[in-house]
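Subject: Handover of a structure

Hello,

Here is the structure I promised to pass on. Please have it open while you read my notes below.

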Amino acid sequence: MPLLQHPPPKALDTAEAAFEEALRRAPRYADAAAELADVHALQVHLGYGDEDPFAGYADALRMAETAVTVDETSAQAWYARGRIRAFAWHPIAEVLAALER
């Protein structure tokens, strides 16, 4: 999901449910975990929901870490990890390390 778009909350809720269902059916589907991480980060970034932003980014980063752990060769997983680390103000070296994978 492109980060420059501003999808409405319902669209993100629908995407979240779809990626959660994909992971329920195939728990090792790294790209679904990466996309779910992106959805969580977008929800925080766009100010949707009541969740504390720090907790929301922590959830997103956990999901991105899961994606990388499940499939270390997934470009989508590494990209999600780097992008979410950037949103969560991690040190630039950590962000670049993930994005350069």
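Is alanine 55 buried, partly exposed or exposed? Alanine 55 is partly exposed, because its relative accessibility is 32%. The scale is simple: buried means under 20% relative accessible area, exposed means over 50%, and partly exposed lies in between (1.4 Å probe, protein chains only).

A word on the source. This is a predicted model, where local features need pLDDT of at least 70 and side-chain atom pairs count only at pLDDT 80 or more, while totals for chains, interfaces and linings use all residues. Residues are numbered from 1 along each chain as its sequence is written, and side-chain values use heavy atoms, with hydrogens and water left out.

Around alanine 55

Alanine 55 sits in helix α3, which covers residues 53–70. Helices here are DSSP runs (H or I, at least four residues), and strands are runs of E of at least two; numbering starts at the N terminus. Valine 44 is eleven residues away from alanine 55 along the chain. Their C-alpha atoms are 9.2 Å apart.

The largest pocket

Valine 44 also lines the largest pocket. A pocket is found on a 1 Å grid over the protein atoms alone: it is an open set of points where a 1.4 Å probe fits, with protein on both sides within 12 Å along at least five of seven lines, and lining residues have an atom within 4 Å of a point. The space in the largest pocket is about 180 Å³. That volume is the space filled by probe spheres set on the points, which are joined across faces, edges and corners.

The lining is made by Asp13, His40, Gln43, Val44, Gly47, Tyr48, Gly49, Asp50, Glu51 and Pro53. Helix α2 (residues 30–45) contributes the most, with three residues. By class, three lining residues are nonpolar, four are polar and three are charged. Here Ala, Val, Leu, Ile, Met, Phe, Trp, Tyr, Cys and Pro count as nonpolar; Asp, Glu, Lys and Arg count as charged; the others, Gly among them, count as polar.

Glycine 49, one of the lining residues, belongs to the loop between α2 and α3. Glycine 49 counts as exposed because its relative accessible area is 62%. Proline 9 is 40 residues from glycine 49 in sequence, yet the two C-alpha atoms are 8.4 Å apart.

Salt bridges

How many salt bridges does the structure hold? It holds seven. Each is a side-chain nitrogen of Lys or Arg within 4 Å of a carboxyl oxygen of Asp or Glu.

Start in helix α1. Glutamate 21 and arginine 24 form a salt bridge at 2.6 Å, N to O. These two are three residues apart in helix α1 (residues 9–25), so about one helical turn separates them. Glutamate 21 is partly exposed at 28% relative accessibility. Arginine 24 is exposed at 57%.

Helix α3 has a pair too. Arginine 62 and aspartate 59 are bridged, with their closest N and O atoms 2.2 Å apart. Both lie in helix α3, three residues apart, or about one turn. Aspartate 59 is partly exposed at 27%.

Now a link between helices. Arginine 85 and glutamate 65 meet in a salt bridge of 2.9 Å, N to O. This pair joins distant parts of the chain: arginine 85 is in helix α4 (residues 75–87) and glutamate 65 in helix α3, 20 residues apart. Arginine 85 is buried because its relative accessible area is 12%. Glutamate 65 is partly exposed at 23%. Both belong to a salt-bridge network of Glu65, Arg81, Arg85 and Glu94.

The nonpolar patch

Tyr79, Ile92, Leu96 and Leu99 make a nonpolar surface patch of about 400 Å². Patch residues have over 30% relative accessible area and no salt bridge; nonpolar side chains (Val, Leu, Ile, Met, Phe, Trp, Tyr) are joined within 5 Å, like charges within 9 Å. Areas come from the Shrake-Rupley method with a 1.4 Å probe; for residues, only the protein chains shown count as cover. Helix α5 (residues 92–99) gives the most to the patch, with three residues. Leucine 96 is in helix α5. Leucine 96 is partly exposed, at 38% relative accessible area.

Over to you.
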